[in-house]
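Look over the sequence and the model before reading on.

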Amino acid sequence: MTTEVIANKTFFKNSLIKMAELSEEQRDYWTSLDSNIGDGDHGINLSIGFRGISKEIEELDQTTEDIHSLLKKSGMILLSKVGGASGPLYGSFFIKMGKEVEGKTEVTFPEFVEMLQSGIDAIQARGKAELQDKTMLDALLPGIEYLQAHKNEEDYLTVMEKAIQMMQEGAESTIPLIAKKGRAMRLGERAIGHKDPGAESSWMLLNVFYEEMKKNN
Ligand SMILES: [Mg+2]
């Protein structure tokens, strides 16, 4: 069992700031993916949501005592500001992620993995999607499965790197699929050949956690 603290509240604060920067950088790319098979607002929605968090981040940090309340308040901003399907999904992700470590200001790697697990479970509960439905879960599920299997290994950075790589591959794996959920479902076979925008944004956003972990090492 790894007992080393790998993330504190500042880690999550910094990650949220970086996620906001990433959402600005990738806004047009994510939106273009959504234009292919959806309504073309994915990047716009996420940039609006994370901009909302980043604008309030200092206040959020000062007015919260643990990781749970920071992530909960951030998730609530996503829920209230982000339209489409991604707002409720990412909003619940952060809220449930934090719930896992209520009262804590620091977490170990195995605890961090449990946080992601709870967040991903929340996405699955809300979206009711399965693997290969061409959703963000195609990226998230292979990654979390790997993390669960390897969370107690000493070299958590390598474990995290590999998990993110699997999530990225999971996003790629959505290209040949027909969508079973969301707006892309109506396209039938015309969705084939296009990457799912949520799968792409989700591995890229979780990669921010990996990038922050590397900085702390
Ligand atoms: Mg959309």
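How are the donor residues of the magnesium ion spaced in sequence? The pattern is D-x4-D-x1-D. The model is predicted.

## Magnesium site

Three aspartates coordinate the magnesium ion: D34, D39 and D41.

D34 has 7% relative accessibility and counts as buried, because buried means under 20%. D39 reaches 37%, so D39 counts as partly exposed.

## Largest pocket

The largest pocket holds about 560 Å³ of space. Its lining is made up of 26 residues. Closest to the pocket centre are A85, L89, G182, R183 and D196.

α2 (27-37), α3 (42-62), α5 (86-99), α6 (109-127) and α9 (197-215) each give at least two residues. By class, the lining of the largest pocket has ten nonpolar, nine polar and seven charged residues.

## Largest cavity

The count is one cavity of 30 Å³ or more. The largest cavity contains about 40 Å³ of space.

Its lining consists of Y90, F93, F94, I123, L140, S202, L205 and L206. Two or more of these residues come from each of α5 and α9. Seven lining residues of the largest cavity are nonpolar and one is polar. None is charged. The lining of the largest pocket, by contrast, includes seven charged residues.

Methods:
Residues are numbered from 1 along each chain as its sequence is written. This is a predicted model: local features need pLDDT of at least 70, side-chain atom pairs count only at pLDDT 80 or more; totals for chains, interfaces and linings use all residues. Side-chain values use heavy atoms; hydrogens and water are left out. On a 1 Å grid over the protein atoms alone, a cavity is a set of points where a 1.4 Å probe fits but cannot get out, and a pocket is an open set with protein on both sides within 12 Å along at least five of seven lines; lining residues have an atom within 4 Å of a point. Grid points are joined across faces, edges and corners, and a volume is the space filled by probe spheres set on the points. Helices (H or I, at least four residues) and strands (E, at least two) are DSSP runs, numbered from the N terminus. Ala, Val, Leu, Ile, Met, Phe, Trp, Tyr, Cys and Pro count as nonpolar, Asp, Glu, Lys and Arg as charged, and the others, Gly among them, as polar. Donors are N, O and S atoms within 2.8 Å of the metal (3.2 Å for Na, K and Ca); water is not among the atoms, so sites may look incomplete. Buried means under 20% relative accessible area, exposed over 50%, partly exposed in between (1.4 Å probe, protein chains only).
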